Amino acid sequence: MLRVTSDIWDDQKGIDKCFSAWKKWQGNEQPGFWIDMDMIPFGQLQLMNPEPKSAEGKYQYESREDKENLVALAGHGHTRWSNFSKDQMYTFITMRAMAASPLMMGETYQLLMIFPLP
């Protein structure tokens, strides 16, 4: 397995990166060698980085710069749901299956079933 993209997130840029990588690497797949287009960002994301709040429920930032630095360290924000539309999800998973890219998801089955794929 060879990773052929940088981190993929739940935006059109991520989908475009995967299509570009697929175009570049298509035809090179074979048993034991698969192109890996990174994770599938469906469902609930960024679980390891909840937004910091005080006991009163207010955000704990000393400055705007502090908030921006915290988000930057987390990748793309704090605990949240995927920003993909249903059409983007269908496109994304279909592309992955057609490209024979490993289908790895870090989501629980119960949460994924909120929007089941056929």
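Student: Which residues form a nonpolar patch on the surface?

Tutor: Patches consist of residues with over 30% relative accessible area and no salt bridge, where like charges are joined within 9 Å and nonpolar side chains (Val, Leu, Ile, Met, Phe, Trp, Tyr) within 5 Å. Here Met1, Trp34 and Met104 form such a nonpolar patch, with about 310 Å² of accessible area together. Accessible areas come from the Shrake-Rupley method with a 1.4 Å probe, and for residues only the protein chains shown count as cover. Please note that this is a predicted model, in which local features need pLDDT of at least 70 and side-chain atom pairs count only at pLDDT 80 or more, while totals for chains, interfaces and linings use all residues. Residues are numbered from 1 along each chain as its sequence is written, and side-chain values use heavy atoms, with hydrogens and water left out.

Student: Where does Met104 lie, and is Met104 buried or partly exposed?

Tutor: Buried means under 20% relative accessible area, exposed means over 50%, and partly exposed lies in between (1.4 Å probe, protein chains only). Met104 has 40% relative accessibility and so counts as partly exposed. Its place is the loop between H3 and helix H4 (109-112). Helices (H or I, at least four residues) and strands (E, at least two) are DSSP runs, numbered from the N terminus.

Student: How many salt bridges does a search of the whole structure find?

Tutor: Side chains of opposite charge can pair when their charged atoms come close. A salt bridge is a side-chain nitrogen of Lys or Arg within 4 Å of a carboxyl oxygen of Asp or Glu. The search finds two. In one, Asp7 meets Arg3 at 2.7 Å, N to O; in the other, Asp38 meets Arg3 at 3.2 Å, N to O. Through shared partners, Arg3, Asp7 and Asp38 are joined into one network. Asp38 is buried at 13% relative accessibility, whereas Asp7 is partly exposed at 45% and Arg3 is partly exposed at 40%.

Student: What is the phi of Asp38?

Tutor: Most residues other than glycine have a negative phi. Asp38 has a positive phi of about 75° although it is not a glycine. Ala100 also has a positive phi, near 55°, and is found in the loop between H3 and H4.

Student: Which residues have the most contacts inside the largest nonpolar core?

Tutor: In soluble globular proteins, nonpolar side chains tend to be buried together. A nonpolar core is a set of buried Ala, Val, Leu, Ile, Met, Phe, Trp, Tyr and Cys residues joined through side-chain atoms within 4.5 Å. The largest one here has 16 residues, and Met37, Phe42 and Phe92 have the most contacts inside it. Helix H1 (12-25) and H3 are the elements that give two or more residues to this core. Contact means heavy atoms within 4.5 Å. Leaving aside neighbours within four places in sequence, Phe92 is in contact with residues including Ile8, Ile15, Cys18 and Phe84.

Student: Where is the place of Gln88, and which residues does Gln88 touch?

Tutor: Gln88 is in helix H3 (residues 86-98) and is buried, with a relative accessible area of 19%. Not counting residues up to four places away in sequence, Gln88 touches Gln12, Ile15 and Asn83.
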